[in-house]
Amino acid sequence: MENIRVLVRVRPLNYRETHLGANSCVTTTNTSVILDNKKEYNYDHVLGIDSTQEQVFNKIGMSTLESFLNGLNCCIFAYGQTGAGKTYTMQGKGIDDLSNDDIHLGLQPRLIQKLFSQLPKDNTWSLKCTYLEIYNEQLIDLLNDSKPLPLTIREESKKVYVENLTEIPVTSYNDVLSLLQRGINNRHVSATQMNLESSRSHSIFTIQFEQRTKEMYTRRSKLNFVDLAGSERQKLTAATGERLKEAANINKSLTVLGLVINSLAENPKRFIPYRDSKLTFLLRESLGGNSKTFMIATISEASSSFQETLGTLKFASRAKNIKNQAIINEEVKGNLESLKAEIKRLKNELQQQT
Ligand code: ADP
Ligand code: MG
């Protein structure tokens, strides 16, 4: 069993915050955040206002990649109020115009770049990607360029999946980058068509890895990058009827994520309401299940964001208590004959040794 690991990253004051007279209310050490020089919160890693994208990768990316290549499911969530740096940390800036030494490159492209440099040079592996968005409890396929239909979640022999979700095989870093770009474009299109605000949607980018280790063994692992909707409280003023329903639904996945995290942190044996939202149903394994999971909590150092920052830090503290158990997803394939042959071969080997 291993706890969900939490990294907090602080974003420096931006022009607007400075202009409006905000000052910093956050100080940090390598493992703690101190708010208003008073209360201290502890995490696995804390990166202050001067931190680089490379540091984020070194703290989280390397170990995630290693586990993923070894056949473990992995998940990285980004949580925080809108504008705190979730997308910057996960994807980076200017993802459509990437050069290899771009200092703004986020965790996701860095990890994928490294992944391709570490894959064996033979043909024993395959990778495929999916990219989806959850808005107002509807699932949108970001890799389907035609008019997106809302998708349905299915469950079959305890496996949860999205029906008809586009899966695209990839063989290079550039393949993945162009998929990310495609997803980002489609996200903008759906945002305009449906009159939605992207800060209120969750996006999930998944890479699935399949590797034949020995003749008959197949390892399968999944890596989810989850960029959550802004955690700030929604104003429900002036909303009535359908609008009100929509407003209540919009953050349902985020609300239920909070409930699931609370329940798991308090007592994982009791009933956990995974099915109450699309996000938690889909990512059930990443929360209290078979996965190695990281949560990145992003905050602004601005005094004007004090309340939201406090909320994010408390959320991150609870997430830290969740225990997951990642196991190597290995499967023996092949027919009975080849299994018998393998047993015979191993027996011979043993005899020769003794
Ligand atoms: P979110 O996805 O949480 O809404 P963004 O990642 O889009 O927020 O960040 C908002 C703005 O702040 C962007 O212009 C981004 O480039 C900038 N930003 C975010 N994090 C940092 C950081 N750690 N250092 C410098 N600029 C940042
Ligand atoms: Mg964002």
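Predicted model: local features only at pLDDT ≥ 70, side-chain atom pairs only at ≥ 80, totals over all residues.
Residues are numbered from 1 along each chain as its sequence is written, and chains are lettered from A and ligands numbered from 1 in the order in which they are written.

Helix H7 spans residues 252-266 and helix H9 residues 306-319; they pack at about 45°, with axes 9 Å apart. Gly258, Ile261, Asn262 and Ala265 of H7 meet Phe315, Arg318 and Ala319 of H9, contact being defined by C-beta atoms, placed from the backbone, within 7 Å. This contact comprises 4 nonpolar, 2 polar and 1 charged residues.

Ser263 also belongs to H7. Ser263 is partly exposed because 19 C-beta neighbours lie inside 10 Å, where 20 or more would denote buried and 12 or fewer exposed. Leaving aside residues up to four places away in sequence, Ser263 touches Arg270, Ile272 and Pro273. Between Ser263 and Asp50, 213 residues apart in sequence, the C-alpha to C-alpha separation is 35 Å.

Ligand 1 is surrounded by 14 residues, of which Arg11, Gly85, Lys86, Thr87 and Tyr88 are the closest; a residue is near a molecule if its C-beta atom, placed from the backbone, lies within 6 Å of it. Helix H3 (residues 86-90) gives the most to this shell, with 3 residues. By class, the shell contains 3 nonpolar, 8 polar and 3 charged residues.

Note on methods. Helix = DSSP H or I, 4+ residues; strand = E, 2+ residues; numbered from the N terminus. Nonpolar A, V, L, I, M, F, W, Y, C, P; charged D, E, K, R; others polar. Axes fitted to C-alpha atoms, helices over the stretch in contact; angles between N-to-C directions. Contact = placed C-beta atoms within 7 Å.
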